[in-house]
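Have a look at the structure first, then read on.

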Amino acid sequence: MDWKSLESLLSGANKYSTGFGRIWLTLVFVFRVMVFVVAAERVWSDENHNFDCDTKRPGCPNACYDYYFPITHTRLWALQLVFITCPSFLVVMHVWYREERERKYRVKHGEGAKLYDNTGQKHGGLWWTYLLSLIAKTTIEVIFLYLLHVIYHNFDMPRSVQCDVEPCRHVTCYIARPTEKKVFTYFMVGASAVCVVLNICEMFYLVSMRILHCCQNTSGGRKSECVACNTIKLVDYKPTYSVKESKQS
């Protein structure tokens with residue numbers, strides 16, 4: 001898999017992200033993609049060859065390996081990294097859509113015309129797209145953590161496993177470098193958990209800033225209405241005492 005191409009594509013989404021989003025992207029590529037490419041793939045590269053069982057029956061090592069490793073950690077992590085980065089492309093495509101609308105608007109109304117103050121500003125539909133991308137990334141992270149937890153029994157990596165599949169029932173098999181694999185598993189799970197926390201913090205930040213912006217607009221609208229009402233009252237006010245004085249005189 002060409003991770004450099006994925007990084008170059010996501011760099012476009014980074015400039016539309018908040019501070020939490022930039023930290024998230026750095027964490028994904030430095031502590032997850034780099035560790036996955038440099039170390040994790042090599043640790044699991046010869047797993048099937050070094051999966052020894054205490055029987056010489058043909059096919060037992062392969063059957064027992066498939067029984068305990070229905071999907072290897074590295075392939076599951078590769079799928080996870082691809083799926084969690086896909087929602088960020090929704091934001092980039094939405095900005096491209098805005099830029100295309102802006103271009104057509106200028107062609108129709110002149111170069112000085114503007115449809116958006118800033119095509120990358122998170123308001124309106126782009127704000128909802130960004131929020132939905134965060135929800136999607138968080139959901140995907142939680143789903144893959146749950147799958148890893150269910151398949152590998154609390155993220156554990158034992159030294160030996162008991163095979164219980166035909167034709168190799170009650171066969172003990174031994175996993176190569178279990179401690180090293182356990183360390184990498186805990187590291188990747190911890191990095192994924194930190195990414196979930198960052199996504200939740202960014203969602204709270206977006207919602208709180210939106211509420212604050214709406215409150216400011218509401219309070220500003222009320223003040224302008226009050227000023228307008230006072231101005232109308234001052235303009236429409238006509239004193240009557242002068243008329244009465246004139247009648248008395």
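Helix H6 (residues 178-236) gives the largest share of the lining of the largest pocket, 7 residues. Helices here are DSSP runs of H or I with at least four residues, numbered from the N terminus. Keep in mind that this is a predicted model, where local features need pLDDT of at least 70, side-chain atom pairs count only at pLDDT 80 or more, and totals for chains, interfaces and linings use all residues. Residues are numbered from 1 along each chain as its sequence is written, and side-chain values use heavy atoms, with hydrogens and water left out.

**Largest pocket**
- The largest pocket holds about 290 Å³ of space. A pocket is an open set of points on a 1 Å grid, with protein on both sides within 12 Å along at least five of seven lines, and lining residues have an atom within 4 Å of a point.
- Its lining counts 13 residues, and Lys-122, Trp-127, Met-209, Arg-210 and His-213 are the closest to the centre.
- Sorted by class, that lining has 5 nonpolar, 6 polar and 2 charged residues.

**Second largest cavity**
- This cavity (a set of points where a 1.4 Å probe fits but cannot get out) has a volume of about 40 Å³.
- Helix H4 (73-109), H5 and H6 each give two or more residues to its lining.
- The lining of the second largest cavity has 6 nonpolar, 2 polar and no charged residues.

- Tyr-146 sits in helix H5 (residues 125-151).

How values were computed. Points joined across faces, edges and corners; volume = space filled by probe spheres on them. Nonpolar A, V, L, I, M, F, W, Y, C, P; charged D, E, K, R; others polar.
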